[in-house]
Amino acid sequence: MTHSLLILPGDGIGPEIMVEARRVIDWLRTKRGLNFTLYEGLVGGAAYDAYGVPLSDNTLELAKTVDAVLLGAVGGPKWAGVDYDKRPEAGLLALRKELELFANLRPAICFESLVNSSSLKPELVSGLDIMIVRELTGGVYFGKPRGIEDLPDGSRRGINTQVYTTPEIHRIAHVAFELAGKRRGRVTSSDKANVMESGLLWREEVTKIARQYPDIKLDHMLADSCAMQLVRAPKQFDVIVTDNLFGDILSDVAAMLTGSLGMLPSAALGVRGGAAMYEPVHGSAPDIAGQNVANPIATILSLAMALRYTFDCGEEARMIEDAVRSVLAGGLRTTDIMQPGKARVSTTVMGDSILRALDHVSAT
Ligand code: IPM
Ligand code: MG
């Protein structure tokens, strides 16, 4: 059985963290006998510089044929002046849309050895395990009309449209309820039903789908309140299902609870049998790019998610997670998760240590 994987390192710290993920892939090949066919391509600003577009047709076609895509990060100040539809972010959004990756799974898990890295009190985050299910191909990110127009009086108007249809809401709700069934059986749906019709529809339709899952407890929370509850008492949540924009915001909040954005992986899944894309939640961090200080863990954990959700290699996924846990327990830290008394290490040394821990984990 061959697993095909397209690697898109992207911009900023993307290439250097991807080097570490690739070393884990090499380990899986030699030590676990997994058969990967790897492809590599450009996306984001790197693709813009090379081809004048943030996602070339060739790369998109390749993404459609492989089992999974592993993406680093896109964007940076270098491309701030580029037209909207050619910005690095547009490449990422096009991949999501064209591959129909409507379900974005963003787990926020607090590793025990990092409870003190969180900006919240340790007792609030110890044992934290939340899954944010973000709708990824609809809402205001893609709604039409959109644009900036000139008005006769010389002023300008910017327009975006928040729009959801029932099929879009139903399919993401199913993903959330099914996941909750394998977890602690609770779904919190987050919307702005108090001000937006699309939010009201969201709430009504999620409630309808919930009837098919009598064992799951559903509650609704306004998105602003949800943000507040996430920093007040995050452990009340199991699965949070929400739209594209609120999911973007709430997942950054949830990520920070765990200590650092540099820790969190994500999976973007589409229709059954289709491609999937895995990427760290963090961005391209241009300020620290090329310095060998970035945290490669979110990317390595994204690879673990690919093993679990696409390649059906749950055992290897667990090994990677265990290896990360043991390296952290051993006191090694990249700058973003540095704590007093711990050893600050580079991107490369963090990668080395995870590989060594993998050898150890697989031998026991
Ligand atoms: C994310 C990012 C993207 C988003 C950007 C880079 C377009 O913030 O994946 O959370 O807004 O979805
Ligand atoms: Mg975001």
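How many salt bridges are counted between domain 1 and domain 2? The count is one. A salt bridge here is a side-chain nitrogen of Lys or Arg within 4 Å of a carboxyl oxygen of Asp or Glu.

1. **Ground rules.** This is a predicted model: local features need pLDDT of at least 70, side-chain atom pairs count only at pLDDT 80 or more, and totals for chains, interfaces and linings use all residues. Residues are numbered from 1 along each chain as its sequence is written, chains are lettered from A and ligands numbered from 1 in the order in which they are written, and side-chain values use heavy atoms, with hydrogens and water left out.

2. **Two domains.** Domain 1 covers 1–102 + 270–364, and domain 2 covers 105–263. These bounds come from an automatic or database domain assignment. The domain centres, taken over C-alpha atoms, are 23 Å apart. Domain 1 gives 23 residues to the contact and domain 2 gives 25 residues. Contact means heavy atoms within 4.5 Å.

3. **Buried area.** About 2200 Å² is buried between domain 1 and domain 2. Carbon and sulfur atoms give 65% of that area. Buried area is the accessible area (1.4 Å probe) that two parts lose on being put together, summed over both. In domain 1, Arg96, Phe102 and Val281 lose the most area to domain 2. Together they account for 31% of what that side buries.

4. **Polar links.** Glutamate 100 and arginine 171 meet through their side chains in a salt bridge (2.8 Å, N to O). Eight residue pairs, both at pLDDT 80 or more, are in polar contact between domain 1 and domain 2. A polar contact is a pair of N or O atoms within 3.5 Å; within protein, one must be able to donate a hydrogen and the other to accept it, and residues adjacent in sequence count only if both atoms are side-chain atoms.

5. **Ligand 1.** Which residues are around ligand 1? They are Glu89, Leu92, Arg96, Arg106, Arg134, Tyr141 and Asp248, each with a heavy atom within 4 Å of the ligand. An oxygen atom of ligand 1 is 2.8 Å from a side-chain N or O atom of arginine 106. For arginine 134, the distance is 2.8 Å. For tyrosine 141, the distance is 2.5 Å.

6. **Backbone points to check.** Most residues other than glycine have a negative phi, and most peptide bonds are trans. The peptide bond from lysine 144 to proline 145 is cis, with omega near 5°. Asparagine 292 has a positive phi, near 60°.
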